[in-house]
Amino acid sequence: MTRRPPPHGSAAGAIIAILAVLVLAADQFVKYLTITHLPQEQVVPVLGGFLQLFYIRNSGAAFSIGAGYTWVFTIALAVVACVIVWKAFSVRARLWAVVLGALLGGVLGNLSDRIFREPGFGVGHVVDMISMPWMLPAIFNVADIFIVCGMISIALLIIVGLRLDGTRERDHKDESAAESAEDAPAEDAATEADPQHSARRDGAGAED
């Protein structure tokens, strides 16, 4: 079976942009529904103790860490978003485009809260609403899901050796091995053409 050629840079960029917009829209829509329909800081069971809704506004990171340093998280999210956009120009692999698009959408979802929500620009509180107390005590949102899944996916892509340009680490190793194999016969041919070089090499071996 022939391998599909990697998409052009513009196509990969389009995938990243479309997914980022879709994830951002989904995140903000769920947050809008949360603000308009859920009571704040009250448990709303969905699937018993497996899945609950609990609307809170979080000024910090996961588990409310760093609640007094909201602006730090705003800067961190902005930096991550800029890095993803910068890397998008070199992406040729579809999997990388999908992962980075989903991750960028999640980052922009929480960054939008930090910038536009109360109490003010850069220090806005993130709207969280999803609770799974059987798994972890943190309250999270749709953007958090895509951020975590995106980071895990990036780690897996690095482990399997898939590069941003669509090539794999083993392909580069095979190319290096092939180049070494091609250089070896050329060196042997040069030795045969220069008997004195061969004699010098044998003499050096005898001295050793």
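Residues are numbered from 1 along each chain as its sequence is written, and side-chain values use heavy atoms, with hydrogens and water left out. Because the model is predicted, local features need pLDDT of at least 70 and side-chain atom pairs count only at pLDDT 80 or more, while totals for chains, interfaces and linings use all residues.

Buried means under 20% relative accessible area, exposed means over 50%, and partly exposed is in between (1.4 Å probe, protein chains only).

| Residue | Relative accessible area | Class |
|---|---|---|
| C82 | 55% | exposed |
| C149 | 42% | partly exposed |
| S112 | 18% | buried |
| T70 | 6% | buried |

As for the cysteines, a search of the whole structure turns up 0 disulfides, a disulfide being a pair of cysteine sulfur atoms within 2.5 Å.

T70 belongs to helix α2 (residues 70-88); helices are DSSP runs (H or I, at least four residues), numbered from the N terminus. Leaving out residues up to four places away in sequence, T70 touches S59, R114, G122, V123 and G124, where touching means heavy atoms within 4.5 Å. With S59 there's more detail: its backbone oxygen lies 2.8 Å from a polar atom of the T70 side chain.

S112 is part of helix α3 (residues 94-116). With residues up to four places away in sequence again left out, S112 touches L24, Q28 and R117.

Terms used
Helices (H or I, at least four residues) and strands (E, at least two) are DSSP runs, numbered from the N terminus. A polar contact is a pair of N or O atoms within 3.5 Å; within protein, one must be able to donate a hydrogen and the other to accept it, and residues adjacent in sequence count only if both atoms are side-chain atoms.
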